[in-house]
Amino acid sequence: MGLPPYLRIASELRARIASGELRAGQRVPSTRGITEEWGVALATATKALAVLRQEGLVRAVPGVGTIVGSDAPGAVVRAGPPRRGRRRETPPLTRERIVRTAIALADSGGSGALSMRAVAAELGVSTVVLYRHVAAKDELVALVVDAVFGEVRLPGRAPDDRRARLEASARAQWALYRRHPWLAKSVSTMRLSLSPNAMRLLEWTVAPAVECGLGTAVTLAAFVRGVAVDLEDPVDERLGLGPDAMLEFGLARLLDGLAPRVPERRPPGEGRR
């Protein structure tokens, strides 16, 4: 029998590093790139990158992706002027650094890469050391989710029209899931209430429409997250069933259904006799 697909892909990427095709500091194909190039499932792509990380050939960099490590055996380092001064010290291990590393791993390897063991390996520490800062994986996921929802930038001036505000909130959430396709699988809608940054978004959604209550915001968030679950492993879009098309169709229907519960703001005195 031949090698499993994930080991075959890891072997090919390993050869690219050894030959210099992929140089130290350069990005390696992301999980999505691997699925497109090799025609495999996202889980297979995630396992292939995990193998290379465990071998020390690649590492995840927050905001960049997975790159070839400078100390990877056989890796070609780009020529450049010699560095002067003392060698940089490794930054101290903090919760913030742990969370940033976890987000980078998930961005490059998908939801399957979000584990205490993977984060510890990426940081070059033991899981025992990691547990001194984060009590358990559940806490790690909670911290990561809150940090990611902290990226949402709400409009400086909220729409006066309440339907427009609901739509703006939905699209802000969708953009977040688009940037982090693993996010929808990593947290349930109800658990968003444990995230201060997520709650800030939900409260903003219905702030001028107290009559609707948070139930409206939670319903909207549940819909957006439900569609976003397919982002990590998208369906065949040739049939017009891609996530974006599903969001547009469903969001319009949902807002229509919520309309009776979202009364428009009336000017002072209007309707009084």
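Leaving aside its neighbours within four places in sequence, which residues is W182 in contact with?

Modeller: First, some ground rules. This is a predicted model, in which local features need pLDDT of at least 70 and side-chain atom pairs count only at pLDDT 80 or more, while totals for chains, interfaces and linings use all residues. Residues are numbered from 1 along each chain as its sequence is written, and side-chain values use heavy atoms, with hydrogens and water left out.

Now to W182. Beyond its neighbours within four places in sequence, W182 is in contact with I103, A106, D107, G110, S111, L114, V144, V148 and E232. Contact here means heavy atoms within 4.5 Å. W182 is found in the loop between α8 and α9. W182 has 1% relative accessibility, so it counts as buried. Buried means under 20% relative accessible area, exposed means over 50%, and partly exposed lies in between (1.4 Å probe, protein chains only).

Helix α8 covers residues 162–179. The buried residues of α8 are R162, R165, L166, S169, A170, Q173, W174, L176 and Y177. What do they pack against? They meet α7, α9 (183–186), α10 (196–206), α11 (214–228) and α12 (243–258).

Take S169 as one of these. S169 sits in helix α8. Its relative accessible area is 0%, so S169 is buried. Away from its neighbours within four places in sequence, S169 touches L201, W204, T205 and L220. W204 also has a charge over its ring: the charged end of R165 lies 4.5 Å from the ring centre. A charge sits over a ring if NZ of Lys or CZ of Arg is within 6 Å of the ring centre and within 35 degrees of the ring normal. K47 does likewise with Y6, its charged end 4.2 Å from the centre of that ring.

A search of the whole structure finds one aromatic pair. F149 and Y177 form this pair edge-to-face, with 6.5 Å centre to centre and 85 degrees between the planes. Rings of Phe, Tyr and Trp (its six-membered ring) pair if their centres lie within 6.5 Å; planes under 30 degrees apart are stacked, over 60 edge-to-face, and the rest tilted. F149 lies in helix α7 (residues 137–149) and Y177 in helix α8, so the pair ties together parts 28 residues apart in sequence. Both partners are buried: F149 at 1% relative accessibility, and Y177 with a relative accessible area of 1%.

M190 is found in the loop between α9 and α10. Its relative accessibility is 61%, so M190 counts as exposed. The C-alpha atoms of M190 and T219 are separated by 9.9 Å, with the two residues 29 apart along the chain.

The protein chain has twelve helices and two strands. From the N terminus, the order is α-α-α-β-β-α-α-α-α-α-α-α-α-α. Of its 273 residues, 42% are buried. Among contacts with a separation of 6 or more, 70% join residues 24 or more positions apart.

T66 shows a strand position. T66 is found in strand β2 (residues 65–68). With a relative accessible area of 4%, T66 is buried. Its contacts outside four places in sequence include Q26, V58 and S108.

Last, confidence. pLDDT is the predictor's confidence in each residue, from 0 to 100. The chain has a mean pLDDT of 80, and 82% of its residues reach 70 or more. Over residues 75–83 the pLDDT is below 50, and this stretch has eleven contacts beyond near neighbours in sequence. Where pLDDT is low, the predicted coordinates should not be read in detail. Among the elements, α7 has the highest mean pLDDT (93), and helix α3 (residues 42–54) the lowest (80).

Terms used:
Helices (H or I, at least four residues) and strands (E, at least two) are DSSP runs, numbered from the N terminus.
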